[in-house]
Every structure is written in structure tokens, then in C-alpha cells.
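Welcome! Please take a moment with the sequence and the 3D view before reading on.

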2 protein chains.
Amino acid sequence: VKQGLVLFAHGARDARWKAPFEAVAERARAAAPAAEVRLAFLELMTPDIAAAVGDLVAAGCRHIHVVPLFLGSGGHVRHDLPLLLDALRVQHAGTLVELHPAVGEAPAVIDAMAAFAVRTLQ
Amino acid sequence: VKQGLVLFAHGARDARWKAPFEAVAERARAAAPAAEVRLAFLELMTPDIAAAVGDLVAAGCRHIHVVPLFLGSGGHVRHDLPLLLDALRVQHAGTLVELHPAVGEAPAVIDAMAAFAVRTLQ
């Protein structure tokens with residue numbers, strides 16, 4: 001089954017804010033060339049997650065993985081995102097939409113942040 | 001000179017949001033036992049950065065490194081944080097307060113997020 005990956009980020013007014021998220025998407029595309037990879041934003045940037053998921057369904061994806069590019073899991077990840085996905089599951093019956101933990105839960109991400117911070121010390 | 005490290009995060013209403021940031025602070029403390037490490041928050045959680053920096057100065061730190069635990073660099077990192085640090089430099093003359101890039105600029109952090117996302121694909 002063709003798989004899609006939605007990298008879900010918060011969004012911001014400053015266009016430069018998006019750069020690290022675009023870099024993650026590029027690396028994911030390079031690592032998983034058989035999957036369709038899309039960024040989606042909660043607010044202030046496009047596409048929103050409804051547009052990204054609709055695009056993946058139109059591209060033939062029947063299993064869509066959603067990974068929040070959030071460090072902390074608060075209201076956006078625990079409440080807003082599940083509600084958005086519930087609506088999309090109704091709209092796209094026949095497509096499995098699977099929500100995964102936020103990247104801030106990944107020990108390798110925690111380690112990389114700590115290593116970066118410690119390297120600033122002289 | 002005794003060094004301090006402030007890990008600056010956004011803050012949220014949900015107390016569970018803080019867990020990954022506390023994990024980063026723990027790992028930084030383990031990796032740099034000679035430095036003083038503090039978390040600080042822009043809003044909704046304590047301490048704020050004025051309290052964290054004041055605490056480090058009181059502990060004898062004369063070189064304080066500030067690392068934003070933000071993925072994207074938008075208004076909070078590019079505008080709000082520099083203004084806060086300008087005020088703290090006036091208040092704590094004699095202490096070097098150095099702002100570093102956000103963790104989202106670190107290639108190892110980008111790589112770790114991409115690897116985590118790709119591993120969700122089956």
C-alpha cells in the first residue's frame with residue numbers, strides 16, 4: 001500500500017521560520033523515496049493538514065503517517081491535532097491515518113539538542 | 001570563568017509539555033558538570049529568563065550562554081529573545097550574555113527528526 005508522511009508543524013508569521021522543517025522534509029524524501037512526504041501547518045502557514053492529507057489521498061496513499069514536528073506535547077499535539085485527524089478520517093474513509101508521537105519524544109532528538117547546547121560552552 | 005547555560009523554551013499550559021526540555025537539561029548537566037544549567041520559558045511556565053539569568057549570576061556565572069530550544073526561528077527567537085537579553089545585559093553589567101542559534105539550526109537535530117519520522121513508515 002502506498003504510504004504518505006505528513007510532517008505537522010506549528011507555523012509562524014516569519015517565512016524564515018519554516019527552514020528547518022523544510023530540511024526535515026527533504027531528508028525524509030531522500031531516505032524514503034517510495035513514500036509521499038508533505039509538510040502541514042497548524043496555523044499561519046500553508047498547507048493546513050486537511051490540504052496535505054487530501055493531496056496524499058489524491059496521490060493514491062492509503063496509509064498516512066502523521067508525525068508532529070513539535071518538541072513539547074501540549075494542547076496542539078494532544079488536543080487540536082487528534083480532533084483534526086478525526087475529521088479527516090471521516091472525510092477519507094478507506095485511508096488509514098495514523099498519528100505518531102511528536103519528535104520531542106525521540107531520544108536521538110533530545111540527545112542532539114543537548115549536544116548542540118553543550119558545544120556552545122567554551 | 002564560571003559558565004552558565006540557559007535553555008530557553010516557549011512554555012505551555014500543559015505541564016507535560018515540559019518533559020523533553022527537562023530531559024535536554026538533564027543530559028546537558030551530565031555532559032557539562034562544571035557548568036550551571038537552567039531552563040527558562042518565554043511564557044506560561046517558570047522561571048522566565050530574567051529569573052534564570054539572575055540565578056546564574058548569583059551562582060557566580062560571568063559567562064552565560066543562551067540556547068533557544070526552538071525548532072523554527074521566528075519572532076520569538078529573532079525579536080522577543082534579543083530584547084529580553086538586552087535588558088538583562090544592562091541589569092547584569094560584567095556578565096557576558098551570549099545568544100546562540102536555535103537548536104533547529106543544528107544539522108544533527110534535523111537528521112534525528114527526519115530519521116524518527118521515516119522510521120514510522122512500514
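The model is predicted: local features need pLDDT of at least 70, side-chain atom pairs count only at pLDDT 80 or more, and totals for chains, interfaces and linings use all residues. Residues are numbered from 1 along each chain as its sequence is written, chains are lettered from A in the order in which they are written, and side-chain values use heavy atoms, with hydrogens and water left out.

Let us start with the core. The largest nonpolar core holds 58 residues, and A:Leu7 and B:Leu7 have the most contacts inside it. Such a core is a set of buried Ala, Val, Leu, Ile, Met, Phe, Trp, Tyr and Cys residues joined through side-chain atoms within 4.5 Å, where buried means under 20% relative accessible area (1.4 Å probe, protein chains only). Beyond its neighbours within four places in sequence, B:Leu7 is in contact (heavy atoms within 4.5 Å) with residues including A:Ala117, B:Val24 and B:Leu69.

Now for the helices, which are DSSP runs of H or I with at least four residues, numbered from the N terminus. Axes are lines fitted to C-alpha atoms over the stretch in contact, and angles run from 0 to 180 degrees between N-to-C directions.

| Pair | Angle | Axes |
|---|---|---|
| H4(A) and H1(B) | about 50 degrees | 9 Å apart |
| H2(B) and H3(B) | roughly 40 degrees | within 10 Å |

In the contact between H2(B) and H3(B), B:Ile49, B:Ala50 and B:Val53 of H2(B) meet B:Leu81, B:Leu84, B:Leu85 and B:Leu88 of H3(B).

Note on methods
Buried means under 20% relative accessible area, exposed over 50%, partly exposed in between (1.4 Å probe, protein chains only). Helices (H or I, at least four residues) and strands (E, at least two) are DSSP runs, numbered from the N terminus.
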